Amino acid sequence: APFLASEPPWRGLFWDLARQDAAALPGAIALRRTLAGKQYGMTDIAVSDRSLLSAALSAGLNSEAAALANDLWAANGGKLPAANRQNLLRNGSFAGAEGLPPFDWTVTSRAEYGGYIDEGRGILEISALSGVGGAVASQMVALEPGRYRLTAALDGAPGTTTPDVVVRLS
């Protein structure tokens with residue numbers, strides 16, 4: 001850990017190789033969690049962190065990936081709103097840009113449709129051509145067995161019809 005904490009020039013290559021080796025992934029996640037702690041203070045969320053999370057999820061290391069994401073959020077002083085019992089979504093108020101997808105919002109834009117988070121207004125802005133559809137925003141959430149209520153608000157542009165919006169839980 002001390003070698004990586006000193007930010008050597010090969011640090012990016014190290015993380016690239018670690019995420020490509022399934023046997024190394026659990027150790028790489030544990031190392032990154034250690035580096036995000038107070039002793040080393042490597043709290044900046046980097047592209048390599050997103051890649052490491054993606055590789056961990058692809059390898060089925062969901063709990064480990066979630067723990068790393070939580071550690072990085074905590075190390076960043078809670079810049080991204082944490083989930084809680086009333087709102088299980090991270091950043092459900094859209095107060096911040098994308099943080100650590102898929103544990104925070106993954107926002108998609110294509111030629112026919114897209115979205116972006118307007119932090120100033122605290123909204124997810126969606127635009128689409130008539131008759132097209134697709135996933136604009138998603139977030140992975142771990143739920144305990146129980147009953148839940150999903151609420152959302154939809155506001156169309158003046159002079160437009162309210163579009164059909166589909167929410168899929170899977």
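Helices (H or I, at least four residues) and strands (E, at least two) are DSSP runs numbered from the N terminus.

The model is predicted: local features need pLDDT of at least 70, side-chain atom pairs count only at pLDDT 80 or more, and totals for chains, interfaces and linings use all residues. Residues are numbered from 1 along each chain as its sequence is written, and side-chain values use heavy atoms, with hydrogens and water left out.

Step back to helix 4, residues 47-58. The expected span is 1.5 Å times one less than the number of residues. Its twelve residues should therefore span 16 Å, and the end C-alpha atoms, 17 Å apart, agree.

Now pick its buried residues (under 20% relative accessible area; exposed is over 50%, partly exposed in between; 1.4 Å probe, protein chains only). They are Asp49, Leu52, Leu53, Ala55, Ala56 and Leu57. Show helix 2 (11-20), helix 3 (25-36) and helix 5 (62-75), which are among what covers them; contact means heavy atoms within 4.5 Å.

Next, select Trp10, Phe14 and Trp15, a cluster linked by ring pairs. Rings of Phe, Tyr and Trp (its six-membered ring) pair if their centres lie within 6.5 Å; planes under 30 degrees apart are stacked, over 60 edge-to-face, the rest tilted. The structure holds three aromatic pairs. Trp10 and Phe14 form one, edge-to-face, at 6.5 Å centre to centre and 65 degrees between the planes. Trp10 is partly exposed at 42%; Phe14 is too, at 30%.

Go to Glu7, in the loop between helix 1 (2-5) and helix 2. Glu7 is not a glycine, yet its phi is positive, about 55 degrees.

Finish at Pro102, in the loop between helix 5 and strand 1 (106-107). A cis peptide bond joins Pro101 and Pro102, with omega about 5 degrees.
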